[in-house]
Amino acid sequence: MDKIWIILEREYLQRVKKKSFILSTILTPLIFPIFIAITVFVLSTEESEERVIALLDSNNFIEDSTKFQNNIFLKSDGKISDIQNLIDDGIIYGALEIPKLDIYNPDELRFYSKNVPGGDLISGIESLIENKIRELKIQDLKLNEESLEKLRTRISMETYSVDSDLSSGTDKVGVKQSNSDVAFGLGYFNGFLIYMFVFIYGSFILQSVLDEKTSKVVEVIISSIKPTQLMMGKVLGVGAVAFTQIFIWIILVTSISTFTSMYFGINSYETTQIVQSEEEINNSKEVVKGIYEMFGTIDIKKTVFIFLIYFLGGFFLYGAFFAAIGSAVDNLQDASQFTLPISLPIIASLMFMGIVLNNPEGNASIFLSMFPLTSPILMMARLAFGVPDWHLVISILILIISVIFALWFAGRIYRVGILTSGSKITYKLLWKWFIMKNY
Amino acid sequence: MLSVRNISKSYVDHKALDNVSLDIRKGSIFGLLGPNGAGKTSMIRIINQIINQDEGEIFIDEKKITYDDVRKIGYMPEERGLYKKMKVGDFLLFMGKLKGLSRDKCIDSAADWFENLEVSNWWKKNIEDLSKGMSQKVQFISTVIHNPDLIILDEPFSGFDPVNANLVKKNLLRLKEEGKTIIFSTHRLESVDELCDHLAMINNSKKILDGNTDEIKMNAKSDTYILKHDKKIESNDQLFDVISQNKLSRNVYESELSLKKGKSYRNMFSEISKDIEIISFEQKVPNMNDIFIMKVEEGKNG
């Protein structure tokens, strides 16, 4: 055990002292806020030239010289074919053709432009005309605008999850406010984080094992330590680095978000939003409020604890496979044919995430959150929606057993592979190594 | 000190060792010779328990070898390298710790060895900045840093330049004087004469020769003599054949004579010296290469 520690210590210190590790650890949590800031900045300073859209409106729905987004509608009496030529020559941006129409059955509205117009523009124009038609209908039907406004109802249902753990008394069950949007986001975030770490740190293990093999330092070391101990030390060492990184990130993200919410509060949301309508602002305000409330009510300790279990479990499970591959091959190119089948379940987990997030209690979701190759990512996706404890226990047990099996399996490949170079590696050969009694 | 008994080892596609036994005495230098692919590295890896034998056993001081014994061996494999991204000192500390050394002992021992190998203190140097010769010295130091009683070197001189090879040889002899036991393998047979007390030869997974270096040479000697003399020698039907004869200068000839079976060189000597002045007289002793080729040929014929 002390020797595994020596390997672990070296692996850990070598990696943690690297500039690339320090930079990526500090900068990555800043990337998302910076990215958002840049997007907001670009969007708010966007001042493209005003584009002319010819208006062939037989109903006078839209007034002449109406400005819309960064376009201006200019009435035209020309023929549509002439206008199409103007568009083709790039003199005007586009044309909106509204034929004389029945307000109860509007059709044959056309928009012409050289390039395919953006969705914002089209839906914007559509709602512009829809509103106009609505006004016309109100007049036509002799309705009262005020009564109509009263007809509109907005409700916002609050969802609560029921859980006996939350009650202070013994008989009562407690409730806490839940928010499926936030659960969705949190589930996706956690699952994605594990996905990313398994991939990045899995390939670190592969690289590290391969480096030892190609620099031929490995035999020097396994004269004083058993190959499986070396492998364990390495996997644990890289795991400790990953753990360090995620730990620093948790701290950084927590402090950054506390800092930002303290400075800007919820107000920051309004200023950075691209204002569209009163309704949507209220909506987003509620979401933001929801997020803050949600994070207030969510069991953060439990989430972090379970996250770390699946994080380590997933890492060791896949790390073992990556170590075995690294030991078997002679260079990175050869490794790719073996990393592909290992990567498939990880990539598939990400694809299945949609299924799990939309129906966290479906049979498929339950199976995927138990199956060890997908559970690290998909149980984390389920977790925010609430998972029965016994599901968690079974899933974690299966994962632990699988990790032990994977490490044993990898160790048997590793002990042979690490000393074998120059042979063409096939699955058949790997199997022979695996079943070999004496090596 | 070390006794290897009836070791056999097969890989997936071929047999590497076939019933090979070796006995290595304490305080001696033992050479394990043979061409590439003969099974030397397999034997050394088995002794170091890097791979396991199929059959046979290994004893150290009459007791079955344990993993703790193996850890005490100073082993320099043929496939050797250093972590490029480490500092020399960190690497030596790492290797020393793996061998169970404390930090202070590591530093002291490394300092001694830097002196022995005539290099300045490289403790703080980056390994990737070392030249090839320098990194080989670091490799050697990492092998002996824990002052092992048994040192096993697989092809120690491959890659060393002649100056460094000599330095290592000198240090190996010094270690032998201190009572250490050294086993090394090489396919360069000419390099063993001056170093090995004992040797064994392996070819095609079998041991074909084993014994004291001088004895092996004596046993392998043929009844061939090299003479320098002043007049021509004719072959003698009873006693000897002249294999070759060269005139070196006026009145000096060099001849290679082969003594007939069952005859004494004294008779040949007195017969020749009747009318010829003998300047020098020497029995031709084969070098290891000749012996090896001879043995391999014997093996083929037998």
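Which residues have the most contacts inside the largest nonpolar core? Figure 1 takes up that question, and the other views follow from there. This is a predicted model, in which local features need pLDDT of at least 70 and side-chain atom pairs count only at pLDDT 80 or more, while totals for chains, interfaces and linings use all residues. Residues are numbered from 1 along each chain as its sequence is written, and chains are lettered from A and ligands numbered from 1 in the order in which they are written.

**Figure 1. The largest nonpolar core and a second, separate one.** The residues with the most contacts inside the largest core, which has 133 residues, are A320(A), A323(A) and A410(A). A nonpolar core here is a set of buried Ala, Val, Leu, Ile, Met, Phe, Trp, Tyr and Cys residues joined through C-beta atoms within 7 Å. A residue is buried if 20 or more other C-beta atoms lie within 10 Å of its own, exposed if 12 or fewer, and partly exposed in between, with C-beta atoms placed from the backbone. Helix α11 (residues 300-328) of chain A gives the largest share of this core, 14 residues. Look next at A410(A), which touches M231(A), A320(A), F321(A), A323(A) and A324(A), not counting residues up to four places away in sequence. Touching, or being in contact, means that the C-beta atoms of two residues, placed from the backbone, lie within 7 Å. A second, separate core has 12 residues, including F61(A), I87(A), A95(A) and Y112(A).

Figure 2. Chain A holds 16 helices and 7 strands. Of its 439 residues, 29% count as buried. Among contacts in chain A between residues at least 6 apart in sequence, 68% join residues at least 24 apart.

**Figure 3. Helices α12 and α14 of chain A.** Helix α12 (residues 332-358) and helix α14 (residues 375-383) pack at an angle of about 25°, with their axes 9 Å apart. Axes are lines fitted to C-alpha atoms, for helices over the stretch in contact, and angles run from 0 to 180 degrees between N-to-C directions. The two helices are therefore roughly parallel to each other; angles under 35 degrees count as roughly parallel, over 145 as roughly antiparallel, 65 to 115 as roughly perpendicular and the rest as oblique. From α12(A), S349(A), L350(A), F352(A), M353(A), V356(A) and L357(A) meet I377(A), L378(A), A381(A) and R382(A) of α14(A). By class, this contact has 8 nonpolar, 1 polar and 1 charged residues. Ala, Val, Leu, Ile, Met, Phe, Trp, Tyr, Cys and Pro count as nonpolar, Asp, Glu, Lys and Arg as charged, and the others, Gly among them, as polar. A348(A) also lies in helix α12, and with 15 C-beta neighbours inside 10 Å it counts as partly exposed.

**Figure 4. Helix α6 against α14 in chain A.** Helix α6 (residues 180-214) packs on α14(A) at an angle of about 160°, with the axes 7 Å apart. That makes α6(A) roughly antiparallel to α14(A). On the α6(A) side the contact is made by G187(A), Y188(A), N190(A), G191(A), I194(A), Y195(A) and V198(A), and on the α14(A) side by P376(A), I377(A), L378(A), M380(A), A381(A), R382(A) and L383(A). These residues divide into 10 nonpolar, 3 polar and 1 charged.

**Figure 5. Where chain A touches chain B.** The contact takes 18 residues from chain A and 22 residues from chain B. In chain A, the elements giving two or more residues to this side are α1 (2-16) and α7 (218-222). The chain A side has 8 nonpolar, 5 polar and 5 charged residues.

**Figure 6. Helix α3 of chain B and what covers it.** In helix α3 (residues 88-98) of chain B, 9 of the 11 residues are buried, so the helix is largely enclosed by the rest of the structure. Among the buried residues are F91(B), L92(B), L93(B) and F94(B). Their cover includes α1 and α7 of chain A together with α4 (103-116) and α5 (132-144) of chain B. Just after α3(B), G100(B) takes a positive phi of about 85°.

**Figure 7. Positive phi in two loops.** Most residues other than glycine have a negative phi. K216(A), in the loop between α6 and α7 of chain A, has a phi near 60°. E118(B), in the loop between α4 and α5 of chain B, has a positive phi of about 55°. K216(A) is partly exposed, with 15 other C-beta atoms within 10 Å, whereas E118(B), with 10 such neighbours inside 10 Å, counts as exposed.

Conventions: Helices (H or I, at least four residues) and strands (E, at least two) are DSSP runs, numbered from the N terminus.
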